[in-house]
Amino acid sequence: MDISVVIPLYNEEESLRELHDWIQRVMTEHNFTYEIIFVNDGSTDGSWNVIEELSKKNPCVKGIKFRRNYGKSPALYCGFKAAQGNVVITMDADLQDSPDEIPELYRMITEEGYDLVSGWKKKRYDPLSKTIPTKLFNATARKISGVHNLHDFNCGLKAYRREVVKNIEVYGEMHRYIPYLAKNAGFDKIGEKVVHHQARKYGHSKFGINRFFNGYLDLLTLWFLSHYGKKPMHVFGFLGSIMFFISFLALLIMGIEKVVDLSNGVYGPLADSAWFFIFLTGMLMGLQLFLAGFLGDLISRTSPQRNDYQIEKLLRIEK
Ligand code: UDP
Ligand code: MG
């Protein structure tokens, strides 16, 4: 099969027929063998009925129905697991992404050798309250992830070589960072294609303003995981030890000074300056950090994923 189109959706019943007909038209025009996997993320409207109706008309239409709303990332994860095409294309269900982009995306993966091609909504039809923070968000994501050539990390329209989606795990709200996940898994031929974008035709956006906070927190997690995920002690233990020893030394010096003062007949409380408390806190915090690192290491030791590595090929070795 050439192409799997994976479409996560939450309450998008008005768009689905139009989207399906459009994709079908593009696929037949280009003679692609394909499947469309609609992942219904706990919609409370009639979306699922529409999907069932479409699949009766078109055997290429498949569906996954969540019992409740889990989010876009879990929907993509399940769609990716089910996908059988050589190239997997994701798109939003709200008709903001155009299926006319599919053939070129497919060509970039199969002929130009990209692992992942991300759409770039160069000209966006979204409210300013969304486009400006998005610029900032993308700049940070580029910097932290080291994927420097992407302008639009969170574009719903993306194409992947099948291997990529089978080897990354999209969870939580990590759909914003799939290029980063792919890069961490060793798929670093990541490209970009300018795509047409349209204003939302029906319904409203399913993500509110907290997308930005969550987005940054997720970026932090990913950064940490990609650098120290398998060795948390190296950060926490390092910071903790430094803090502990500096504070410990300072307190020791203060203590010795007190003893010297005492022997000279100068009496005074040990805790007579703010520094005493600062270093005391420093020592405790250092200990805490160290313990956090130690616990992190213990946890990652027992984690079943501790020896998960991305193996690209095996030569004369049985799997
Ligand atoms: N979506 C989903 N589950 C959710 C929220 C959104 O499957 O909990 C789908 C939604 O139906 C759409 C896509 O994710 O197909 C992108 O969502 P939306 O258009 O609301 O995001 P925006 O375009 O505003 O970034
Ligand atoms: Mg949208």
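Helix α1 passes helix α2 in a right-handed crossing (the near helix is turned clockwise from the far one by less than a right angle). This is a predicted model: local features need pLDDT of at least 70, side-chain atom pairs count only at pLDDT 80 or more, and totals for chains, interfaces and linings use all residues. Residues are numbered from 1 along each chain as its sequence is written, while chains are lettered from A and ligands numbered from 1 in the order in which they are written.

Helix α1 covers residues 13-29 and helix α2 covers residues 47-57. Their axes (lines fitted to C-alpha atoms over the stretch in contact, with angles from 0 to 180 degrees between N-to-C directions) come within 8 Å and cross at roughly 20°. That makes α1 roughly parallel to α2 (an angle under 35 degrees).

## Where they touch

Which residues of α1 meet α2? They are Glu-13, Leu-16, Arg-17 and His-20. Their partners in α2 are Ser-47, Val-50, Ile-51 and Leu-54. Contact here means C-beta atoms, placed from the backbone, within 7 Å. By class, four residues are nonpolar, two polar and two charged.

## The whole chain

The chain has ten helices and seven strands (DSSP runs: H or I of at least four residues for helices, E of at least two for strands). Its radius of gyration, 26 Å, is well over the 20 Å that the globule rule gives for 319 residues, so the chain is more spread out than a compact globule. The radius is taken over C-alpha atoms, and the rule is 2.2 Å times the number of residues to the power 0.38. The C-alpha trace spans about 95 × 55 × 35 Å along its principal axes.

Note on methods. Parallel < 35°, antiparallel > 145°, perpendicular 65-115°, else oblique. Contact = placed C-beta atoms within 7 Å. Nonpolar A, V, L, I, M, F, W, Y, C, P; charged D, E, K, R; others polar.
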